[in-house]
Amino acid sequence: MAEGGEAERANPTISALFEEHRVFPPPPEFTVRANVRDRLLYENAERDLEGFWAEAAEGIDWFRKWDRVLEWSPPFAKWFVGGQLNAAFNCLDRHVRTWRRNKAAIIWEGEPGEQRVLTYGDLHREVSKFANVLKHLGVKNGDRVALYMPMIPELVVALLACARLGAPHTVVFGGFSPESLRGRINDAQAKVVITADGGFRRGSIVPLKQNVDEALAGCPSVENVILVRRIGEAVHMHFHEGRDHWYHRLMDEAPLQCPAEPMDAEDPLYILHTSGTTAKPKGVVHTTGGYMVGVSATHRWVFDIKDEDIFWCTADIGWVTGHSYVVYGPLANGATVFMYEGSPDWPDKSRWWEIIEKYRISILYTAPTAIRSFMGWGEQHVRKHDLSSLRLLGTVGEPINPEAWMWYQEHIGGGRCPIVDTWWQTETGMIMVSPLPGVTTTKPGSATFPLPGVRAEVVDEYGNPVPSGSGGYLVLTRPWPAMLRTIYGDPERYVSVYFSRFGPKVYFTGDGAKRDEDLYLWLLGRVDDVMNVSGHRISTIEVESALVDHKDVAEAAVIGRSHAVKGQAVAAFVTLKAGVPLSRDKADDLKTHVIEKIGALARPEEIFFTAELPKTRSGKIMRRLLRDIAEGRALGDTTTLADPTVIARLRTQYEENAES
């Protein structure tokens, strides 16, 4: 999944292709119990697209049935026209009327180790009360509410309370700066901000309330701030009388009952801003009906969810993955969701495996960057814990290198767990390309095929399909229920960014891809992650995969830096596996390895060894900052970094290395 940045017009012709011949059919014992165990879904979708999605829509509850499944006036779509429903009702009310009332909805562990369990009955009560709190503060259908919170259960309560009232929420990731927060609040014209006094991150306190106060100096639309007590006396903050309200005090006085507001299928559910690097972030609008159908159906199909599963999507709710597969998809399906506030290596590098053993997690959905970090730390941290409860593994966030896929399968999945490598975006709302674990034979590093009902193509710069084995632009050629409807307040930008490159019927993803001879899709990252070396287009993910394929390499980030002769030269930042000594010949060894895997054109001009790579809290490597370092530029925005000291150390090391 890529967070829709501005689409570049470069032609992503790939200089060399992955040659992956390992295949992994679904284990027979998995298929026999799978939710999807044959190709009937694909056949139904091809035979009758609207009928297929209408059948999927029967999986959620409607106050009023739709009149039409789809109105498609390219590039604008309406799904389940005339239907009425409520997202919170689908996540809560319909479950509390059944045996699931006393089933765990959320199992939560905080970074310092606190534990809480909320049943569906508990969550329904808390959401109803908090919806009444919002009503008391004047929030009504259509008002926007901004959330800037840690990964605590109150964040889920707040989302669902907004949905219950029909007040679109806009979640701002807790790692964003006050300036970024201000821009997103103002773009949405939010009436209320919900935050906490602070949060925990790697043993330190994140001063969320201080950041809110700084942001709100320039946010005239905000009337009230609701404050969850997370830290207590250890954090110093200002309490603005009349504007600020303690969450627990408001909840003490709130009535228990709050009926769910009937919402039109096309009423907005939320606004989520992409973190654009070259322009104002785009407020992606997702509506209620199509989104709920899309995320609930894909959650059932892709993750093969069962009532006994404990499902852990490690994403922060500040990102779309958290919206779709921590909150709305799993809860609509009555699943038990595990939530964790902290990072994978705090207080030690076996933290996640300890959690999986402790709570008997059965499905793990995480980012390739996290997997590569685990590879670098060594399997000794994994071996200390019993991971036999796992039955399915998933990846999200960026393409996964084949060797990282194999490590994940062998060391985390014990060789028995299917892997669903998923591709989708903030804008798509739901998973678009993925194996179905009971049906699809997988290849390490490939997201395999579009899901039933989704049509994806790889095209050249003129929009023509490319031959098998060639690279091109990934596009989506028909509408899908969870698709974004617009960019908030800017429909012209919606058209120009997503539906102008290849015409109003073709969604331009901004990602490069290729199809191999078996028609498997291989994602190659953002189009702007393609380097132009002496006139040849080389994918950064391809070179990274070649480096990670080396037995000594844990992780690699590749960028193109300016070169007077070649236009761009390949520069690689490499982290070696734990215990591997750094020798003078190591760089030459890795360069030779890349030549052998891809060809001489992809040979890195420079390899820089580093103990850590700069990553966001959601686990993505910030290649943009690596480009800044290599080009000698001032660093861009670093507010989303998990550990800002990493980039500072890296810059110092790089400059010292260049001088020596």
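P75 sits in the loop between β1 (68-73) and β2 (76-81), and the peptide bond that joins P74 to P75 is cis, with omega about 5°. The model is predicted: local features need pLDDT of at least 70, side-chain atom pairs count only at pLDDT 80 or more, and totals for chains, interfaces and linings use all residues. Residues are numbered from 1 along each chain as its sequence is written, and side-chain values use heavy atoms, with hydrogens and water left out. Helices (H or I, at least four residues) and strands (E, at least two) are DSSP runs numbered from the N terminus.

**Backbone geometry**

- Most residues other than glycine have a negative phi, and most peptide bonds are trans.
- A cis peptide bond also runs from W346 to P347, with omega near 5°; P347 is in the loop between β17 (336-340) and α12 (351-359).
- D304, a residue other than glycine, has a positive phi near 50°.
- D304 belongs to the loop between α10 (288-303) and β16 (310-313), and with 2% relative accessibility it counts as buried. Buried means under 20% relative accessible area, exposed means over 50%, and partly exposed is in between (1.4 Å probe, protein chains only).
- T448 is not a glycine either, and its phi is positive, near 75°.
- The loop between β20 and β21 holds T448, which is buried at 0% relative accessibility.
- In helix α11 itself (residues 320-332), 13 of the 13 residues are buried, so the helix is largely enclosed by the rest of the structure.

**Salt bridges**

- The structure holds 44 salt bridges, each defined as a side-chain nitrogen of Lys or Arg within 4 Å of a carboxyl oxygen of Asp or Glu.
- One of them pairs D244 with K209, with the closest N and O atoms 2.9 Å apart.
- D244 is in strand β12 (residues 244-246) and K209 is in helix α8 (residues 208-216), so this pair ties together parts that are 35 residues apart in sequence. Both D244 and K209 are buried.
- A salt bridge also forms between the side chains of D516 and K443, at 2.9 Å from N to O.
- This pair links distant parts of the chain, 73 residues apart: D516 is in the loop between β24 (507-515) and β25 (521-526), and K443 is in the loop between β20 (419-421) and β21 (456-459).
- D516 is buried, with a relative accessible area of 3%, and K443 is buried with a value of 3%.
- T448 lies 68 residues from D516 in sequence, with 9.9 Å between their C-alpha atoms in space.
- D552 and K551 make a salt bridge in which the closest N and O atoms are 3.4 Å apart.
- D552 is buried at 10% relative accessible area, whereas K551 is exposed at 62%.

**Polar contact of N224**

- N224 is in strand β11 (residues 224-228) and counts as buried, at 9% relative accessibility.
- The side chain of N224 makes a polar contact with the side chain of H245 at 2.7 Å.
- A polar contact is a pair of N or O atoms within 3.5 Å; within protein, one must be able to donate a hydrogen and the other to accept it, and residues adjacent in sequence count only if both atoms are side-chain atoms.

**Surface charge**

- A patch of negative charge on the surface gathers D585, D588, D589 and E596.
- Patches are made of residues with over 30% relative accessible area and no salt bridge; like charges are joined within 9 Å, and nonpolar side chains (Val, Leu, Ile, Met, Phe, Trp, Tyr) within 5 Å.
- Asp and Glu count as negative and Lys and Arg as positive, while His and the chain ends are not counted.
- D589 is placed in helix α18 (residues 586-597) and is partly exposed, with a relative accessible area of 34%.

Methods
Accessible areas come from the Shrake-Rupley method with a 1.4 Å probe; for residues, only the protein chains shown count as cover. The place of a charge is taken as NZ of Lys, CZ of Arg, CG of Asp or CD of Glu.
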